[in-house]
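Hi everyone, thanks for coming. Today I'd like to walk you through a structure, one piece at a time. Please have a look at the screen.

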Amino acid sequence: MKAVLLKAIRDLRRRRLQAAVVFVTTLLAVGTGTIALTLIAQTSDPYQTAFEAQKGAHLVVDFDGRVDPGTLAGTPALIGASAFAGPYRATDMQFQSGGHKYTVTAIARDNPGGDVGQLRITGGRWPSSGTEIALTRSFVDLNHVVIGDKLKVLSVPQAPVLTVVGLVVDIDELRADVGGQQHAWVIESAFAPLTTKNSTFYQMDYRFASDPTSPQMQTYLDKLRASLPPDSITSSISYIFARTVFHISTQILIGVLVAFSVFALAATAAIVANLVTGIVISAYREIGIMKAVGFTPAQVIGVFVLQILVPTAAACVIGIPAAMVLSQPLLASNSQALGLAYQATYSPGLGLLALAGALVIVTVAAVIPAFRAGRLRPAIVIANASAPRGQSGRWIRTLASLARLPRPVVLGLGDAAARPVRAILTVLAVVLGVATVIVALGETRTFNEIYSYEGHVGKVDVVVAKTPAFADADATQLIDLQPETTRVVAQANTNITAHGIADPINTLTFRGDSGALGYLLTSGRWFSGPGEVVANGGFVHDAHLNLGDTFTGTVNGAALKLRIVGVVYDFTAGPGGHIMMLDWSTVAPAVPDLSPSSYMVTLKPGSNVGAYVKRLAAAQPDLLDVQAASTGNTAFLSVIAAVLLGIAGLIALIAVAGIFNTLLLTTRERVRDTATLKTLGMSPRQVIGMVAASAGFLALLGGLVAVPAGVELYRLLFDQLSALGGNVTPPVFYDVYATWELIAIPVAGVVVAIAAAMIPARWAARTNVVEVLHSE
Amino acid sequence: MDGRTFFRAFRDRGGKSGVSELVRLTDVTKVYQGGITGALNGVSVSVEKGEFTAIMGPSGSGKSTLLNMVAGLDRPTSGGVAVGGTDLGKLGEAGLARFRRDHIGFVFQFFYLLPNLTALENVLIPAQLKGNAATGRARALLERLGIKDVEDKYPARMSGGQQQRVAIARALINNPTLLLADEPTGALDTHTGEQVMELLGQVHRDGQTILLVTHDAKLATRHAARVISVMDGKIVDDARLESPERAPSDVIRVRGEEVSR
Ligand SMILES: Nc1ncnc2c1ncn2[C@@H]1O[C@H](COP(=O)(O)OP(=O)(O)OP(=O)(O)O)[C@@H](O)[C@H]1O
Ligand SMILES: [Mg+2]
């Protein structure tokens, strides 16, 4: 054993560069892998902990204000809830803070505690007077409101001013950055001044003895609905939905990290296998001598595997703890969103798992080629300095000669193919590298495209939000008066219920040329008249409808005959969520007081959007919120994009290391041939050309495979992402790459490979012929 | 030899040493890194065009070093090397490579064929490095050296004698001004070695200047008209034999080879 160790360590010292390659690639692979593992193992914890600690409600239901609160008190027993809270009085409240207007759900509640849906106060205190309000931490973080800020309430004519006194975590609502309307709390006695006629509704929190499943929740809702007058339930949120939404960004991140760490590990395994093969090939005579002096086959294998395991272990020792530290901010963001003090947690078991995984993968990758060394018969190998080479380079040389390429290039191409296993392993690493770059580029690009599509970028210049207190006619007149205005589409949010769908469906009702908003349809067409509806895939699926089917929707107690004419690509409804879009004329007859909440305004080309916004806002500072249509908050997207591109870069780096490694092996192995070529008159530049041609060829081959593979993989991943929102990917999102990019990416790969080849190439060009041939 | 090579080789010829001087070493010393004594110590010698010169000497005496200097494979520590009037000291790496390509053919003891190329491909390499296609000439050379039948074989499938003949063909493909051979028979059995020497003799008779390093006095004297003896990095004897085919014993005496015995 001592001899094996000694030999392995001596060899390692001689092969420092190769050891460095193994070290770097393993470091990158083990790093991404550990981050992925850490996130998988620990993300669900904080939410679950908080949900239990705060006695989270499994189901939160909003009831219409006309329902008798006494009746509601009987509902928990009806559905078998083990505990409940409410009914709380609630109302939509719009307020202004720091020049922006926001809408929250204001809830009347004297006490943050209770049996269900306890609120955790993470800053300040609970309101104690009629002029105080508590906001959610999630809302405050997103919108930069602080304790002590004064909020001017705009949704009631008296416009009272409330002071923010507390920050609260409510485990039962959707997090603000993913798009939920946030809760806010005032004491019971302060509630009435915040309401107008008919604006009050009731909210009930239900908790069950054990966590109900989705179908169980569905049954509870059906029971509730059946026991109450029609349209009593206006909305509901289940803990499953809240949890999914809470985790969605981490989920996407985990998916990407897992996929990429698998890629990185595969590329590392390919490089290690290649490296060991190369060492075995070039150390043929040495293997013979080792055997002759009494190394058993197993010990010979041991020497080779140990050489690889030492740098691997070193990479793990550095990479695993580093990755654990690096994943802390990601974990911390989840806890902080819940207002939990984040305790950095390091799981030694997880680290050991990552270590064991890396060692096993690398060992397997090393043992297979090392077997060849173990099996060699000493007499044969001592006679040959290195393994005989195959002749598989010949057809390539023939082809290259026919193409009249310069001889050094032809020789380089032949070298690249002379050892097929090495060529394949190298190409594999390149394929993985280039493919991830393509996937990452595609995904980030579509994320941004989806975002700009949902924000109507290029279609709408200004969005005007109106408080209910301001009349639609006045708002419309004001907007129409502006000379730059060319198009106005008004939007009202209505809830429509449909048979078979538990929750009321969030429905966007448009007035004006809504087709011009550019909603993306995955099938069918945009609606063109009363009764026609466009819905998201989730709704069409859950309601068991097909394009062209009719169904009955209920709004305000009136039945609407509706027909699905198109399916819209949508993420706003969230996973499992439902959304419908239809024309004003469909809903208006049933809802006499239908009033838009916002107007999407398009200006004449070349108009000054800033001036327009200022003028309009100045005209009605309290009752209108005027904003330039922005790309909004893309922090979530840019985190994912940064992570994606970062990891793709790392894997591309691993691929470059793979090419570098192969060239190192080839040039070392070929040192005598290179010396011979130099005596025959090959100039240093021709030597460099030869090595560069090898590198370029392998990279080109990898690129040619990787481009279609990467595009296909991107589509697959994107389909998954679309499915998350209940969508079918529309073909336009498949074509995010320009033709020149699909050419430029492999070309860039070739250029990088050739650049990486310069170190071994110059080494080969500088070799002293006399010394090389002398030492033979 | 074609006219152009001939012209280039002799263009800058100095007047004093006669019409046909091809190689001139002036006081060449070579000390390898870590070497205590020089591998060559103040060697001055010239070789004339058309000569078949043998260099003999015991192992480690500096024969290969001398040949490498002439080929421009290595640079002397001091002194000058000129071939065909070109001072090799004035050439850079690329210049030396071009010089070797155009003027030198090199044959090694261990053949050094490129293992992943066929015989024909090996022979073609020097021509192709110059950008010439010389397939016809390569085939003719293989024919002339009697190894037409191995044209498409890889070195691993050839006998030592065949490999060395391919190496000779490769050395001749560019019509070199000078053919250098370092123990070309050293790795071959006696019979095959004799055949290879016979070929070199034939090439010489066709006008090729040859500088040969060998251990074998019998082979040397059979073909070479001049025998230079080297010991401890110095030329200790330089004998011109009026006619080849002299008795080896005569030569050995003249060259002091017995000193090493
Ligand atoms: N590349 C080198 N580095 C260091 N020393 C060298 C090198 N090449 C040769 N030598 C030394 O220089 C001296 C002359 O070597 P050279 O190879 O020229 O001898 P030689 O006459 O060709 O011997 P042989 O008949 O064994 O081939 C020897 O002592 C040798 O060890
Ligand atoms: Mg020698």
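First, some ground rules. This is a predicted model, where local features need pLDDT of at least 70 and side-chain atom pairs count only at pLDDT 80 or more, while totals for chains, interfaces and linings use all residues. Residues are numbered from 1 along each chain as its sequence is written, chains are lettered from A and ligands numbered from 1 in the order in which they are written, and side-chain values use heavy atoms, leaving out hydrogens and water.

So, how much area do chain A and chain B bury between them? About 2,500 Å², with 58% of it on carbon and sulfur atoms. Buried area here is the accessible area (1.4 Å probe) that two parts lose on being put together, summed over both. On the chain A side, A:Arg407, A:Leu680 and A:Val770 lose the most area to chain B, together 26% of what that side buries. The contact (heavy atoms within 4.5 Å) takes 27 residues from chain A and 25 residues from chain B.

How many salt bridges cross this interface? Zero, by our rule, which asks for a side-chain nitrogen of Lys or Arg within 4 Å of a carboxyl oxygen of Asp or Glu.

Now let's look at helix 14 of chain A, residues 394-402. Helices (H or I, at least four residues) and strands (E, at least two) are DSSP runs, numbered from the N terminus. The buried residues of helix 14 are A:Ile396, A:Arg397 and A:Ala400. Seen down the helix axis, they fall within an arc of 100 degrees, so they line one face of helix 14; the arc is that of the directions from the axis to the C-beta atoms. Turned away from that side are the exposed residues A:Trp395, A:Leu399 and A:Leu402. Buried means under 20% relative accessible area, exposed over 50%, and partly exposed in between (1.4 Å probe, protein chains only). The buried residues pack against helix 15 and helix 23 of chain A, together with helix 4 of chain B.

Over in chain B, strand 9 and strand 10 form a hairpin with two residues between them. Six bridges join these antiparallel strands; pairing needs at least two bridges found by DSSP.

Finally, B:Glu151 and B:Lys148 meet in a salt bridge at 2.7 Å, N to O. B:Glu151 is buried at 10% relative accessibility, whereas B:Lys148 is partly exposed at 30%.
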